[in-house]
Amino acid sequence: MPAWLRTGIAAVALLAVAHPARAQTYPALHPIPKTTDAAELRRAALDREVSERFRLGIAALARGDWHAAAAEFTRIVTIDPREPKGSTARYDLGIAQANLNDDVAAAKSFAAAIALDPGFLAARANLVVVQMRAGDVAAARGSADALIARAPLSARARYVRGLVALRAGDAATAKEDFGALLERDPKYATARYDLALAELDLGRTADAERELRSALELAPTYSRARFALGTVLLRSGHRDEARAAFDDVARTSQDLTLRNLASSMREAIGPR
């Protein structure tokens, strides 16, 4: 299958910057203890620094200042606070690094968060995303399988593993994962598109066409699905329908690359 037909892993957004269950751990400032013990005073000072840096780091993430956020969370990681702040800081550092396009560093940060808290599902999901963006398909597949093992009913877990399976050429697993998603949410247009790609890899052209048509019924402006439908129709010998699909994409898509490809395909088919 041509690479441009596939859904890119980059389209999978990173999860929310603050893990909901941990958000309340950020702001509390600890009172200065009434002690002259040097170790106790140092510990209190570090606790206050961690709290303040979390506040600054979360504010930086919220405004998209990834460099500032990375600096704050890097310092917190150096301090190495106890759980849950330790894994949360590494997770938020990974978010900042991923948005700075340093996917290798982000993968290390997410992996470090998981090492401290194996049940940190947001970190596991984002680890798969950045490993795929870094081109490490084998590592991403291992991380995706581990995510599914931890959260077999998670829709996001199914989705990211389905994408990894597609990239790895495992169409059977991709079909299973996207099919499971659609059993729970039949109106998930993107999953129907991705299921169609798996069906194409499995040589099931008629099934792929059905899924693409269903995706377009749910989302008529889904240009990537309409382009894919055009290629399926052309493969099946329906030249006029394929031309119409490519013409629609060439006129309406917001994706310049896809628009140019559609124009080329339409011209290659020629006039009626």
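Good morning. Among contacts in this chain between residues at least 6 apart in sequence, 54% join residues at least 24 apart. Please note that the structure before you is a predicted model.

I shall begin with the overall architecture. The chain contains 13 helices and zero strands, so that reading along the sequence gives the pattern α-α-α-α-α-α-α-α-α-α-α-α-α. Of the 272 residues in the chain, 45% are buried. The accessible surface of the chain amounts to about 13,200 Å², and carbon and sulfur atoms account for 53% of that surface.

I turn now to the backbone. Most residues other than glycine have a negative phi, and most peptide bonds are trans.

Two of them fall in the loop between helix 2, residues 66-79, and helix 3, residues 85-99. In that loop we find Asp80, which is not a glycine and yet has a positive phi of about 60°. Is Asp80 buried, partly exposed or exposed? Its relative accessibility is 46%, and Asp80 therefore counts as partly exposed. Pro84 lies in that loop as well. The peptide bond joining Glu83 and Pro84 is cis, with omega at about 5°.

How is Asn101 classed, buried or exposed? With a relative accessible area of 65%, Asn101 is exposed, because the cut-off for that class is over 50%.

Thank you for your attention.

Definitions and conventions
Residues are numbered from 1 along each chain as its sequence is written. This is a predicted model: local features need pLDDT of at least 70, side-chain atom pairs count only at pLDDT 80 or more; totals for chains, interfaces and linings use all residues. Side-chain values use heavy atoms; hydrogens and water are left out. Helices (H or I, at least four residues) and strands (E, at least two) are DSSP runs, numbered from the N terminus. Buried means under 20% relative accessible area, exposed over 50%, partly exposed in between (1.4 Å probe, protein chains only). Contact means heavy atoms within 4.5 Å. Accessible areas come from the Shrake-Rupley method with a 1.4 Å probe; for residues, only the protein chains shown count as cover.
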